Amino acid sequence: MAAPSPYSLIATDLDGTLLRGDDTLSERSLAALGQARRAGAQHLVVTGRPAPRVRPLLDDLGCRGLAVCGQGAQVYDAGAHRLLWSVTLDRELAETALGKIEAEVGQVYAAVDQDGVDGLTLIEPGYLMPHPTLPALRVARRDDLWCAPISKVLLRHHTLSDDELATTARSVVGSLATVTMSGPGTVELQPCGVTKASGLALAADRLGLSPGRAIAFGDMPNDIPMFEWAAHGVAMANAHPELRAMADEITTSNEDDGIAVVLERLFD
């Protein structure tokens with residue numbers, strides 16, 4: 001008989017981690033997660049995507065429990081289709097933060113994720129969605145982005161790299177917001193102090209699970225707080241160098257079923 005796994009909580013990012021580049025889930029990954037659940041482990045999706053953009057994927061995973069969405073700003077109950085917890089980014093602070101960033105780097109292009117289980121993603125003129133498969137509504141001008149409560153702002157710059165934009169944003173935004181980088185073309189502003197770790201800690205507490213028995217998978221710097229919270233952090237082969245540098249383990253890429261490779265070893 002195989003020895004029991006030391007992990008009762010599996011926390012996975014989606015884009016660049018559990019999902020392949022075409023936004024699909026492999027049969028091998030689904031089977032490995034199923035095997036882990038049968039062994040008693042719980043799987044939590046921990047993603048930058050807002051709850052409305054996660055629902056179809058949770059259905060594919062057969063998830064009827066909790067998910068951490070919006071970079072930790074939302075704890076979503078998939079079975080009840082409701083937010084158990086959410087925090088919004090003050091829209092005046094968001095506008096001020098954008099002004100400070102543009103004073104340093106020139107024009108940026110912005111989008112917002114609205115709060116709520118049916119919130120929209122709004123994009124201003126010039127903003128290009130990094131994930132063209134995700135639905136978004138283009139608005140006529142930036143002021144239209146602030147028409148309803150938001151969970152975060154997404155930023156792009158026409159010449160700066162993501163690392164350069166994120167570094168500058170952190171240097172000028174201060175306590176107005178938390179700056180994260182969650183994927184190619186995705187620098188974000190979210191409520192100050194909100195991270196994937198803060199949302200994951202809330203969800204884990206509701207489930208009676210502890211960080212000491214948690215394993216986390218990710219690929220970008222926004223996953224660093226989650227790795228710091230969990231007992232074991234696994235970076236994908238395609239992960240950003242900052243995350244790879246502090247990971248406990250590096251697996252194969254998201255295209256090569258890197259999560260399944262680890263789970264098959266742990267829950268065989």
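Visitor: Where does glutamine 71 lie?

Guide: Glutamine 71 sits in the loop between β3 and β4 (74-77). Helices (H or I, at least four residues) and strands (E, at least two) are DSSP runs, numbered from the N terminus. This is a predicted model, where local features need pLDDT of at least 70, side-chain atom pairs count only at pLDDT 80 or more, and totals for chains, interfaces and linings use all residues. Residues are numbered from 1 along each chain as its sequence is written, and side-chain values use heavy atoms, with hydrogens and water left out.

Visitor: Why does glutamine 71 count as buried?

Guide: Buried means under 20% relative accessible area, exposed over 50%, partly exposed in between (1.4 Å probe, protein chains only). Glutamine 71 has 1% relative accessibility, so it counts as buried. Its phi is near 65°, a positive value in a residue other than glycine.

Visitor: What is the phi of histidine 81, and why is histidine 81 called partly exposed?

Guide: Its phi is positive, about 50°, although histidine 81 is not a glycine. Its relative accessible area is 29%, so it is called partly exposed. The residue belongs to the loop between β4 and β5 (82-86).

Visitor: What phi does glycine 62 take?

Guide: Glycine 62 has a positive phi of about 70°. Its place is just after α3. Within α3 itself, the buried residues include Leu57, Leu58 and Leu61.

Visitor: Which residues is valine 68 in contact with, beyond its neighbours in sequence?

Guide: Contact means heavy atoms within 4.5 Å. Leaving aside neighbours within four places in sequence, the partners of valine 68 include Val45, Val46, Lys196 and Leu200.

Visitor: Why is leucine 18 called buried?

Guide: Its relative accessible area is 2%, so leucine 18 is buried. It is found in helix α1. Beyond four places in sequence, its contacts include Leu33, His43, Leu61 and Ile259. Leucine 18 and methionine 236 are 218 residues apart in sequence, and their C-alpha atoms are 9.5 Å apart in space.

Visitor: Why is glutamate 124 counted as buried?

Guide: Glutamate 124 has 5% relative accessibility, so it is counted as buried. Its place is the loop between β7 (121-123) and β8 (137-138). Leaving aside neighbours within four places in sequence, its contacts include Arg138 and Arg142. Alanine 110 is another of these contacts.

Visitor: What makes arginine 156 partly exposed?

Guide: Its relative accessibility is 24%, so arginine 156 counts as partly exposed. It is found in strand β9 (residues 150-156). Not counting residues up to four places away in sequence, arginine 156 touches Tyr109, Tyr127 and Leu165, among others.

Visitor: What makes a set of residues a nonpolar core?

Guide: A nonpolar core is a set of buried Ala, Val, Leu, Ile, Met, Phe, Trp, Tyr and Cys residues joined through side-chain atoms within 4.5 Å. The largest one here has 32 residues. Those with the most contacts inside it are Ile10, Leu58, Ile215, Phe217 and Leu263. Among the elements that each supply at least two residues of this core are α2 (27-38), β12 (214-218) and α9 (258-266). A second, separate core of 28 residues includes Trp146 and Val172.

Visitor: Which residues is phenylalanine 217 in contact with?

Guide: Leaving aside neighbours within four places in sequence, they include Ile10, Met226, Phe227, Val262 and Leu263.

Visitor: How many helices and strands does the protein chain have?

Guide: The protein chain has nine helices and 14 strands.

Visitor: Why is the chain said to be as compact as a globular protein of its length?

Guide: The radius of gyration is taken over C-alpha atoms, and the globule rule is 2.2 Å times the number of residues to the power 0.38. For 268 residues the rule gives 18 Å; the radius of gyration of the chain is 18 Å, close to that value, so the chain is as compact as a globular protein of that length.

Visitor: How much of the chain is buried?

Guide: Buried residues make up 56% of the 268 residues.
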